[in-house]
Amino acid sequence: VQLQASGGGLVQAGGSLRLSCAASGGSFGSHFMAWFRQRPGKERVFVAAVSWGGDATYYEDSVKGRFTVSRENAKNMLYLQMNSLEPEDTAVYYCGAGRGGSFLFIVVRNADNYAAWGQGTQVTVSS
C-alpha cells in the first residue's frame with residue numbers, strides 16, 4: 001500500500017487542522033492505521049491509531065481530548081482532526097499502515113510494526 005499525507009500548515013495556538021492520508025495500491029481495510037509525528041532532532045513518536053474497521057482507537061496522552069483519528073474504508077482514507085492545537089504539536093506528521101493481526105497499544109505505538117509510511121506533512125503551531 002502507498003500512502004499520501006496532506007492537510008498540514010501553519011495555524012495559531014488554539015486553532016484546528018485536519019490531516020488526511022490517501023491510500024492506494026493495496027488492501028486498505030486489512031491494515032490498522034496510525035499517525036506518528038517527528039520533531040526536529042527527535043525520533044518519530046506515536047500520536048493515534050485506529051483499528052481495521054474504525055471501531056477502536058488509541059491516543060498518546062498529550063493529545064487525548066484534542067485529536068480524533070478516523071477512517072473511511074470505502075474511500076481508502078485516514079484522517080486526524082486536531083483541535084486546540086499547541087506549539088508543542090509542531091512536527092512533521094506521518095501516516096502509517098500497520099501489519100499483523102494485533103491491535104494492542106504496545107503494538108500500535110511501535111513504529112517497527114508498520115509496513116508503509118506516507119511522506120509526511122508539516123504542522124506548525126505559532127504561539
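Predicted model: local features only at pLDDT ≥ 70, side-chain atom pairs only at ≥ 80, totals over all residues.
**View 1. The largest nonpolar core.** Welcome to a core of 28 residues, where Trp-35, Leu-78, Leu-80, Met-82 and Tyr-93 touch the most other members. Several strands each supply at least two residues of this core, among them β1 (2-6), β4 (33-38) and β9 (91-98). A second, separate core has 9 residues, including Phe-36, Ala-49, Phe-103 and Val-108.

**View 2. Met-82 and its contacts.** Setting aside neighbours within four places in sequence, look around Met-82 for Gly-15, Ser-16, Leu-17, Leu-19, Arg-66, Phe-67, Tyr-93 and Val-123, each in contact with Met-82.

**View 3. His-31 in its loop.** You will find His-31 in the loop between β3 and β4. His-31 has 15% relative accessibility, so this residue counts as buried. Beyond neighbours within four places in sequence, His-31 is in contact with Val-1, Trp-52, Arg-71, Ala-97 and Gly-98.

View 4. The whole structure holds 11 aromatic pairs. Phe-36 and Phe-46 are edge-to-face because their planes stand at 80°, with ring centres 5.7 Å apart. Phe-36 is buried at 0% relative accessibility, and Phe-46 is buried at 7%. Tyr-58 and Phe-105 make a tilted pair, 5.5 Å centre to centre with 55° between the planes. Here strand β6 is joined with helix α1 across 47 residues. Tyr-58 is partly exposed at 24%, as is Phe-105 at 33%.

**View 5. Arg-44 over two rings.** Arg-44 lies over the face of Tyr-94, 3.6 Å from the ring centre. Arg-44 also lies over the face of Trp-117, at 4.7 Å. Trp-117 belongs to an aromatic cluster that includes Phe-32, Trp-52 and Tyr-114.

Definitions and conventions:
Residues numbered from 1 in each chain as written. Heavy atoms only, no water. Core = buried A, V, L, I, M, F, W, Y, C linked by side-chain atoms within 4.5 Å. Buried < 20%, exposed > 50% of the residue type's maximum accessible area, 1.4 Å probe, protein only. Helix = DSSP H or I, 4+ residues; strand = E, 2+ residues; numbered from the N terminus. Contact = heavy atoms within 4.5 Å. Phe/Tyr/Trp six-rings, centres within 6.5 Å; stacked < 30°, edge-to-face > 60°. Lys NZ or Arg CZ within 6 Å of the ring centre and 35° of its normal.
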